[in-house]
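This report describes how the parts of one protein chain are arranged and which side-chain pairs link them. The account begins with the boundary between its domains and then turns to individual residues.

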Amino acid sequence: MPGILYDSIVYGPVNSRRFGISLGINVLPENSKVCSFDCIYCEVGWNSDFPSNHSNQQFHAREDIYHSLKERLIDLKERHMIPDNITFSGNGEPTMHPEFSNIVEDIKKIRDQYVPDTHITVLSNSTTLNNKSVFDTLLHIENNIMKLDAGSENMFRLINQPVDNIHIEDIVENLKIFNGKLFIQSMFLRGEHRGEPIDNTTKEEVQKWLDHIKAINPKGVLLYSIDRATPNHTIEKVQYEELERIANQVRHLGIEANSFS
Ligand code: SF4
């Protein structure tokens, strides 16, 4: 069964513990998920829930995104509701929109005109950084929140189920090139998938993940456990205390860490 799909370009604002007052932007199709991962916890659902749409994806047009955001910001400004963040998220991986870089440039212009103190935030699964245009664009926004859920290649494949030939070492190498201008977000969970046990909280997995975190040296790490229904029904929520045990190991590296459960 499909999960939650955003049926508009602009949604919110919502009051988020992570991003304050956050105005969401969904640049992806309204009726389909578009992602290079198929995470076992994805609240949008499995990629296979949307098979007919994959060959005919209707991305939101750049002009529509521009006008939707502009109208919403004018409305919010009139009501003195200035968002802390304009956050790219939505029905999959936002950087897969073919005009992602141009859209970000448009949004920067609107932001500068109407709400200059608002930050631009992109939630990404870290798989499109080989695209120079995407990478250069991300380097010039305020907040990159990049996904890294696993330490080992095996756990990466079990949890994130990359669609293409993407390996965790390649992702880590690309994240290192940010030179610390990013946050890492990581989902911790246990369960099983297709008969294989999944647990990225074991000592060995956490140590491998910490090695990646140390090499990437982000501004901070956001640790999560599941919060909503997942397409894989075996997934178990990791409690806050356990997230904090892992967060403390990040702090010992001299890197800020926050847990959300
Ligand atoms: S990266 Fe995000 S959108 Fe893509 S499958 Fe994973 S959770 Fe879903």
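On the side of domain 1 that touches domain 2, the residues divide by class into 9 nonpolar, 3 polar and 4 charged. The model is a predicted one. Its domain assignment places residues 1-125 in domain 1 and residues 148-261 in domain 2.

The centres of domain 1 and domain 2, taken over C-alpha atoms, are 23 Å apart. In terms of residues, 16 from domain 1 are in contact with 27 from domain 2. About 1,700 Å² of area is buried between the two domains, and carbon and sulfur atoms give 63% of that area. The rule finds 1 salt bridge across this interface.

## The E43–R228 salt bridge

The side chains of E43 and R228 form a salt bridge, with an N to O distance of 2.7 Å. In the structure as a whole there are 17 salt bridges. E43 belongs to the loop between β2 (20-26) and α1 (62-78), while R228 belongs to the loop between β9 (220-224) and β10 (236-237); the pair therefore ties together parts that are 185 residues apart in sequence.

## Other salt bridges

K108 and E105 form a salt bridge in which the closest N and O atoms are 3.6 Å apart. Both residues lie in helix α2 (residues 100-114), and because they are 3 residues apart, about one helical turn separates them. K108 counts as buried at 14% relative accessibility, whereas E105 is partly exposed at 35%.

A further salt bridge joins E244 to R251, with 3.1 Å between the closest N and O atoms. Here E244 is buried, its relative accessible area being 18%, and R251 is partly exposed at 32%. Salt bridges also link R190, D199, E236, E242 and R245 in a network.

S152 is located in the loop between β5 (143-147) and α4 (153-160). Its relative accessibility is 11%, so S152 counts as buried.

Which residues does S152 contact, leaving aside its neighbours within four places in sequence? They are I168, E205 and K208. With E205, the side chain of S152 makes a polar contact of 2.6 Å.

I21 is part of strand β2 and counts as partly exposed, with a relative accessibility of 33%. Not counting residues up to four places away in sequence, I21 touches P13, V14, N15, I82, P83, D84 and N85. I21 and I82 are 61 residues apart along the chain, yet their C-alpha atoms are separated by 7.8 Å.

P13, one of the residues that I21 touches, lies in strand β1 (residues 10-16). The peptide bond leading from G12 to P13 is cis, with omega near 10 degrees. Most peptide bonds are trans.

Most residues other than glycine have a negative phi. What is the phi of N179, which is not a glycine? N179 has a positive phi of about 50 degrees. This residue is in the loop between α5 (168-176) and β6 (183-187). N179 counts as exposed, since its relative accessibility is 72% and the exposed class begins over 50%.

N217 also has a positive phi, of about 55 degrees, although it is not a glycine. The loop between α6 (203-216) and β9 holds N217, and at 46% relative accessibility N217 counts as partly exposed.

How values were computed. Residues are numbered from 1 along each chain as its sequence is written. This is a predicted model: local features need pLDDT of at least 70, side-chain atom pairs count only at pLDDT 80 or more; totals for chains, interfaces and linings use all residues. Side-chain values use heavy atoms; hydrogens and water are left out. Domain bounds come from an automatic or database domain assignment. Contact means heavy atoms within 4.5 Å. Buried area is the accessible area (1.4 Å probe) that two parts lose on being put together, summed over both. A salt bridge is a side-chain nitrogen of Lys or Arg within 4 Å of a carboxyl oxygen of Asp or Glu. Ala, Val, Leu, Ile, Met, Phe, Trp, Tyr, Cys and Pro count as nonpolar, Asp, Glu, Lys and Arg as charged, and the others, Gly among them, as polar. Helices (H or I, at least four residues) and strands (E, at least two) are DSSP runs, numbered from the N terminus. Buried means under 20% relative accessible area, exposed over 50%, partly exposed in between (1.4 Å probe, protein chains only). A polar contact is a pair of N or O atoms within 3.5 Å; within protein, one must be able to donate a hydrogen and the other to accept it, and residues adjacent in sequence count only if both atoms are side-chain atoms.
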